[in-house]
Amino acid sequence: MAVYYTSRSRYQNKRFCVDYWTITRTCFYRFFETEPDMKALFPKIVQMNESNQLEWQMDRDMLQKHAVTVMEGLGAAVESLEDSDFLNSVMVSIGQTHVRRNVKPQYVKKLWPSLHYGLGVCLGDHYNKEVSEAWRKVYIYISAQMTRGMKNPNLKTNDELS
Ligand code: HEM
């Protein structure tokens, strides 16, 4: 499956030449612009200024923290596609922590168009139909595992997953 990796290690190996922070920022700017209701979940990250515009500099570190974590999570998912037990347990457990943040499964679904947009902007011609479809499938898979964790907040990830 042709996937252009977004993880930092791949970036450092120069397998692709997109600035890691650019793709992360593009995706999350887009997300908060197209899904303004989601901003309320990140009070430390995004605030509105007096003109009702996003105040991105408010706490760039916090934005970076979540955005990079998401992208690293996706990178790790791609890298562990061969080890579904490990991948499932990580994603289920991330889903479980998101329940405590009031994040619902449909919110995770809402992130895909922004990620798709960010990948398209940053990968340019490399983000062809095949690559885009590969990413879409990976995202559907990890969203399903996160959703499983959200719906089963007490599920023990070590022994009940396959
Ligand atoms: C693939 C998708 C995602 C991944 C891999 C991911 C991963 C993470 C991780 C690892 C953390 C830090 C640990 C924790 O507190 O649980 C986190 C925090 C958080 N996530 Fe996500 N996340 C994803 C999608 C989302 C979405 C779609 C939303 C909301 C719309 C969201 C909202 C939050 C919030 C509010 C926090 C807490 C941030 C803070 O500490 O201020 N996440 N996420």
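**Ligand shell and helix packing**

By residue class, the shell around the ligand comprises 12 nonpolar, five polar and two charged residues. In this predicted model, 19 residues surround the ligand, and the closest of them are Val70, Gly73, Thr97, Arg101 and Tyr107. At least two residues of the shell are supplied by each of α3 (60–79), α4 (84–99) and α5 (105–123), and α3 gives the most, with six residues.

The protein chain contains six helices and two strands, which are arranged along the sequence in the pattern α-α-β-β-α-α-α-α. Of the 162 residues in the protein chain, 23% are buried. When contacts between residues at least 6 apart in sequence are considered, 73% of them join residues at least 24 apart.

Two packed helices are described by the angle between their axes and the distance between the axes. For α4, which also supplies residues to the shell around the ligand, the packing against helix α6 (residues 129–151) is at an angle of about 55°, with the two axes 6 Å apart; α4 is therefore oblique to α6. The crossing of α4 and α6 is right-handed. On the α4 side, the contact is made by Asn88, Met91, Val92, Ser93, Ile94, Gly95, Gln96, His98 and Val99, while α6 contributes Ile142, Gln145, Met146, Thr147, Arg148, Gly149 and Met150. By class, the residues of the contact of α4 with α6 divide into seven nonpolar, eight polar and one charged.

Note on methods:
Residues numbered from 1 in each chain as written. Predicted model: local features only at pLDDT ≥ 70, side-chain atom pairs only at ≥ 80, totals over all residues. Near = placed C-beta within 6 Å. Helix = DSSP H or I, 4+ residues; strand = E, 2+ residues; numbered from the N terminus. Nonpolar A, V, L, I, M, F, W, Y, C, P; charged D, E, K, R; others polar. Buried ≥ 20, exposed ≤ 12 C-beta atoms within 10 Å, placed from the backbone. Contact = placed C-beta atoms within 7 Å. Axes fitted to C-alpha atoms, helices over the stretch in contact; angles between N-to-C directions. Parallel < 35°, antiparallel > 145°, perpendicular 65-115°, else oblique. Left-handed = near helix turned anticlockwise from the far one by under 90°.
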